[in-house]
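Have the viewer open while you read.

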Amino acid sequence: MTVTEDLHIATDRRRRWLLVGRASIAALILAAVVGQMVTSLVFWHAQGAHDLAQNVANYLSFFTVESNILSLVLLGILVAAQLGGPRLGRRFDVLLLGATSYMVVTAIVYNALMRGIELPPAATLDWANEVLHLIAPLWMVIDRIASTRESELQWRDVGTVTLFPAAWLAFTLLRAPKTPEEAVENPYWYPHLDPSTYDDGYFGVATTCLAVTALLVLAAAAQVAYVRWRQLSRN
C-alpha cells in the first residue's frame, strides 16, 4: 500500500469520525437546550412566573443558548453536506467561524468566572449545563482542527464575527430594563451584564464588554491563522 493510499484511508476514517461526532453533538445540544428550557420554565412557574411567552423569550435571550443553537444548525448542515447535501461555500465558513468563536468565549467566560456561582438546584439541569458550556464548545474546537474541508476564510472575517455579539448587546441593554423578572418580582431582567451587579455600574459593563470582545477577536483570529497555515502547508 502506497503513502497516498494510506492518506486516503486515514482521511476517510476521519470524515466518518467527524460525521458521527457532528451528529451526536448536534443531538446532544438539542437535548440540552430543550431540557434546560423545560427545567427553567418549571422553576419560573413554581416561583410565580406565569407569562409563558416572556419566559421563553428570556431563555432564548441568553448568549449561551443562541450560540449553541447556531452551532446546532451548522453542525446539522455539515452532516447533510457529508451525506450529499448542499455544497458549502464562503458564507457558511464565516458563519462557522462565528459560531466556533462564540462557543469558545462562552466556555472561557463561564468556566473562568461563573462556574462557582450558586443557583437554586431546581433552576439548573446539571448535565445540560455541562453540554452547553463545556462539551459542545470543546467539540467545535476539535471540529475546526480535525475538519477535512478547505475553508475560505480571510482576515476581514474576524471583524464580521463581532457583528452578532454587538447586536446581541444592543438588544440586551435596550430590552432588559423594560422586561420584568416575574420569579423574583424585579422590574428588569438581564441575561448577563446587569449594571446593578457592578460597583461602577455601566462603566463596569463597558469594561467587561471590551474584555470579552478582545477574547472574541483572539478566538476568531486564531482560527483564521490556523486555516491559512493549513492551506499553505498543503501547497
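1. Start with the aromatic cluster: Phe63, Tyr102, Phe164 and Trp168 group together into one. Keep in mind that this is a predicted model.

2. Tyr102 is buried, at 5% relative accessibility, while Phe164 is partly exposed at 33%.

3. Overall, the structure has eight aromatic pairs. Another one to look at is Phe62 with Trp189: their ring centres are 5.4 Å apart and the planes meet at 85°, so this pair counts as edge-to-face, given that the cut-off for that class is over 60 degrees.

4. Where do Phe62 and Trp189 lie? Phe62 is in the loop between helix 2 (52–60) and helix 3, and Trp189 is in the loop between helix 7 (163–175) and helix 8 (202–234), so the pair ties together parts 127 residues apart in sequence. Trp189 is buried, with a relative accessible area of 6%; Phe62 comes out as partly exposed at 22%, as buried means under 20%.

5. Now the second largest pocket, which holds about 150 Å³ of space. Its lining has 14 residues, and Arg22, Ala81, Gln82, Thr148 and Arg149 lie nearest the centre. Helix 1 (3–46) and helix 3 (63–82) are the elements that give two or more residues to this lining. By class, the lining splits into five nonpolar, four polar and five charged residues.

Key:
Residues numbered from 1 in each chain as written. Predicted model: local features only at pLDDT ≥ 70, side-chain atom pairs only at ≥ 80, totals over all residues. Heavy atoms only, no water. 1 Å grid on protein atoms, 1.4 Å probe; cavity = no way out; pocket = protein on both sides within 12 Å on 5 of 7 lines; lining within 4 Å. Points joined across faces, edges and corners; volume = space filled by probe spheres on them. Helix = DSSP H or I, 4+ residues; strand = E, 2+ residues; numbered from the N terminus. Nonpolar A, V, L, I, M, F, W, Y, C, P; charged D, E, K, R; others polar. Phe/Tyr/Trp six-rings, centres within 6.5 Å; stacked < 30°, edge-to-face > 60°. Buried < 20%, exposed > 50% of the residue type's maximum accessible area, 1.4 Å probe, protein only.
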